[in-house]
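Welcome! Try each task yourself before you read the solution below it.

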Amino acid sequence: MNHLNNNLSCLKKRFPLLYADLISHDFKENLFPVEFTKEGSPTILINGNYVHSRFDPRRESERYIKNEISSEAGFIIFAGFGLAYHIEYFLKSHQNINLLIVEPDVQFFLHALATRDLKEIIQSERVQFLI
């Protein structure tokens, strides 16, 4: 399950300054517990609250993007990275819109990188990060 090194390697190529900043932090491995949903996807808890659906985080993200994001938008800012299910779906469903991902918690971002293979998001030319 640990995807941290592979995701960091991708970040190093595309975002060398972000990579340098991230590796300067000690990764606190058990800070955010990870559980697996009924359909097998990881979800993460903050203070006992699930960040994503306990049942199907991909479907939850699909509904959110369909209901909340206009296909006419020119640029999107996501406040929060989570485990990036919403970002994955957005990139597939809105193929001409660039996005900025703002994640204020470095440790949470590191946990996301450790929990899922996120190289498609990291490698996308449409994505920028502010961590």
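This is a predicted model, and we begin with its strands.

**Exercise 1. In which sense do β4 and β5 pair, and over how many bridges?**

Step 1. Strands β4 and β5 pair in the parallel sense, over five bridges.

Step 2. To see one of these pairings up close, find Phe 78: its bridge partner in β5 is Ile 101.

Step 3. Now look at the two faces of β4, which spans residues 75-79. Ile 76 and Phe 78 form the covered face, whereas Phe 75, Ile 77 and Ala 79 form the uncovered one.

**Exercise 2. Follow β5 to β6, and sort the side chains of β6 by face.**

Step 1. Strand β5 (residues 98-102) is joined to β6 by four bridges, and the two run parallel.

Step 2. Walk along β6 and the side chains alternate. Val 127 and Phe 129 point to one face and are buried.

**Exercise 3. Which strands lie at the edges of the open three-stranded sheet?**

Step 1. The strand order in this open sheet is β1-β2-β3, with antiparallel pairing.

Step 2. The edge strands are β1 (34-36) and β3 (49-50), as each of them pairs on one side only.

Step 3. Between β1 and β2 (residues 42-46) there are three bridges, and these strands run antiparallel. Look for Val 34, which stands opposite Ile 44 in β2.

**Exercise 4. Find the buried residues of α1, and work out why they line one face of the helix.**

Step 1. The buried residues of α1 are Leu 4, Asn 7, Leu 8, Cys 10 and Leu 11.

Step 2. Viewed down the helix axis, they fall within an arc of 160°, so they line one face of α1.

Step 3. Turn to the other side of α1, where Asn 5, Asn 6 and Lys 13 are exposed.

Step 4. The elements covering the buried residues of α1 include α2, α5, α6 and β6.

**Exercise 5. Is Gln 123 buried, partly exposed or exposed?**

Step 1. Locate Gln 123 in helix α6, residues 119-123.

Step 2. Its relative accessibility is 46%, so Gln 123 counts as partly exposed; the exposed class begins over 50%.

Step 3. Leaving out residues up to four places away in sequence, Gln 123 touches Cys 10 and Arg 14.

**Exercise 6. What lines the largest pocket?**

Step 1. The largest pocket holds about 220 Å³ of space.

Step 2. Its lining has 14 residues, and those nearest the centre are Val 51, His 52, Gly 80, Gly 82 and His 86.

Step 3. By type, the lining divides into six nonpolar, five polar and three charged residues.

Step 4. Helix α3 (residues 57-68) contributes the most to this lining, with three residues.

Notes
Residues are numbered from 1 along each chain as its sequence is written. This is a predicted model: local features need pLDDT of at least 70, side-chain atom pairs count only at pLDDT 80 or more; totals for chains, interfaces and linings use all residues. Side-chain values use heavy atoms; hydrogens and water are left out. On a 1 Å grid over the protein atoms alone, a cavity is a set of points where a 1.4 Å probe fits but cannot get out, and a pocket is an open set with protein on both sides within 12 Å along at least five of seven lines; lining residues have an atom within 4 Å of a point. Grid points are joined across faces, edges and corners, and a volume is the space filled by probe spheres set on the points. Ala, Val, Leu, Ile, Met, Phe, Trp, Tyr, Cys and Pro count as nonpolar, Asp, Glu, Lys and Arg as charged, and the others, Gly among them, as polar. Buried means under 20% relative accessible area, exposed over 50%, partly exposed in between (1.4 Å probe, protein chains only). Two strands pair if DSSP finds at least two bridges between them. Contact means heavy atoms within 4.5 Å. The arc is that of the directions from the helix axis to the C-beta atoms.
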